[in-house]
Amino acid sequence: APDASRRRRRGRHPVSAHRAHRAQEAAPLVAMSASGASMLGHTSRASPSRVSTGSRSPRSRSPSPSRAPTRTSGGSPSHHSHVTRATYGANWNVAERMYAEGGVKSMTMREGDQAALLASVAKHFEALKQIPDFLPHLHVDYDAVEVRDSTVCDGKGVFAIRDIEPHELLTLYPASNELSLMRVEKASSRDGERDEGAGGDDDGGAAEGVASTIKSETYVAPQPSYVMFNGHKMFGDGNALRLEADPGAPLVSGFLGHLVNDVLPPPTDATDAAYAGEYLKKTTNETNCHAVPFPSGIVAIAASKKIRAGEELLMTYSFGFDKSFMDGVNADVELKKKMLSNAFAADMKVLSVKMEQLTRESLKVHREAEILSRELLCDVAGE
């Protein structure tokens with residue numbers, strides 16, 4: 001496990017540093033909108049959507065209905081006592097309520113909560129971009145990597161500049177093009193209020209599939225090949241919180257996750273079983289990084305194994321989320337049956353289990369950073 005104390009070497013106490021930054025914080029992403037359209041979760045290009053499993057360490061001290069934050073006499077949340085929904089203070093912000101109720105999927109959404117929560121996540125991203133020296137407090141050692149010409153494709157890649165131990169956090173995935181949050185389950189609004197973007201239900205609940213979206217000020221077009229989902233259970237199903245990077249945006253220290261390549265281009269032709277099998281074996285055995293979703297919305301890129309100085313960071317993207325490949329499989333009943341009933345399906349399961357296990361282990365190692373990330377989101381949500 002990485003030396004957590006060493007990576008807290010910079011700056012003031014993390015919370016005070018974060019608060020001191022507010023006076024100079026740059027304007028967050030803009031152009032909030034809500035629509036009933038389904039989110040894009042796939043890509044038809046060679047570099048597909050990056051998906052983080054969202055598994056959480058069972059030892060994580062996460063606020064939940066059984067271990068939720070309470071309000072102290074001063075009105076600030078305390079993470080050491082039990083609280084029920086009936087004991088909520090009127091001044092609790094949307095992030096505090098999300099953590100207390102066990103996540104987006106189970107919380108009761110008031111009018112505007114979904115948009116407010118997404119705006120808070122965007123402000124959290126922006127603050128970390130503006131003060132990269134704060135990232136070591138979240139155990140992200142961004143000085144350990146740099147961008148060079150990739151060894152596995154014609155573009156750029158991310159490389160280690162020192163030896164890296166398993167589970168070290170090396171960079172974050174940016175949401176420099178678009179950030180969106182999908183409502184994955186109908187939720188009744190408190191006191192009969194309707195949620196923003198509801199799809200016409202008479203019971204005051206928000207319709208399934210309603211998304212709030214924030215586009216960057218430089219947004220020109222969607223970038224489906226540069227998508228990462230934060231699959232942490234606090235954000236509901238695995239594709240509820242969607243981060244989309246802009247490959248043409250200036251690089252930001254600590255936000256290089258979109259440049260981490262896969263060992264091979266994932267397959268797009270469902271009929272080419274030989275290449276699909278080759279890809280699956282290589283992406284399972286020859287990648288050295290994995291994605292780690294945090295409950296504040298950020299997604300970190302962590303080492304899956306020991307990485308030597310000079311090696312390129314490689315992370316599986318899994319063709320299971322490539323739209324053209326899955327469309328081809330689903331269009332042919334016999335092909336789908338074949339894919340799901342032989343060793344190929346077993347290999348896919350091995351990859352899935354491996355990624356889930358790595359995520360759990362990383363969140364266990366970085367439990368303090370996970371807790372801090374929650375506090376930071378609550379902090380900006382209360383502004």
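Visitor: Which residues in α4 meet which residues in α7?
Guide: In this predicted model, helix α4 covers residues 273-285 and helix α7 covers residues 343-365. On the side of α4 the meeting residues are A276, G277, L280, K281, T283, T284 and N285, and their partners in α7 are F344, D347, M348, V350, L351 and K354.

Visitor: Into how many nonpolar, polar and charged residues does the contact of α4 with α7 divide?
Guide: The contact draws on residues of both helices, among them L280 and K281 in α4 and F344 and D347 in α7. Sorted by kind, the residues of this contact come to three charged, four polar and six nonpolar.

Visitor: Are α4 and α7 roughly parallel or roughly perpendicular to each other?
Guide: The axes of α4 and α7 lie 10 Å apart, and the two helices pack at an angle of about 25 degrees. Angles under 35 degrees count as roughly parallel. The crossing of the pair is left-handed, and by the angle α4 and α7 are therefore roughly parallel.

Visitor: How are α3 and α8 placed to each other, roughly parallel or roughly perpendicular?
Guide: Helix α3, residues 113-130, and helix α8, residues 367-381, have axes that come within 9 Å and cross at roughly 115 degrees. The range from 65 to 115 degrees counts as roughly perpendicular. It follows that α3 and α8 are roughly perpendicular.

Visitor: Is the crossing in which α3 passes α8 left-handed or right-handed, and which residues make the contact?
Guide: As α3 passes α8, the crossing is right-handed. The contact is made on the α8 side by L376, L377, V380 and A381, and on the α3 side by L117, S120, V121, K123 and H124.

Visitor: Why is α8 described as largely enclosed by the rest of the structure?
Guide: A residue counts as buried when its relative accessible area is under 20%. The buried residues of α8 include L376, L377, V380 and A381, and these residues also belong to the contact with α3. Because 12 of the 15 residues of α8 are buried, the helix is largely enclosed by the rest of the structure.

Visitor: What share of the residues in the chain is buried?
Guide: The chain holds eight helices and 13 strands. Of its 383 residues, the buried share is 53%.

Definitions and conventions: Residues numbered from 1 in each chain as written. Predicted model: local features only at pLDDT ≥ 70, side-chain atom pairs only at ≥ 80, totals over all residues. Heavy atoms only, no water. Axes fitted to C-alpha atoms, helices over the stretch in contact; angles between N-to-C directions. Helix = DSSP H or I, 4+ residues; strand = E, 2+ residues; numbered from the N terminus. Parallel < 35°, antiparallel > 145°, perpendicular 65-115°, else oblique. Left-handed = near helix turned anticlockwise from the far one by under 90°. Contact = heavy atoms within 4.5 Å. Buried < 20%, exposed > 50% of the residue type's maximum accessible area, 1.4 Å probe, protein only. Nonpolar A, V, L, I, M, F, W, Y, C, P; charged D, E, K, R; others polar.
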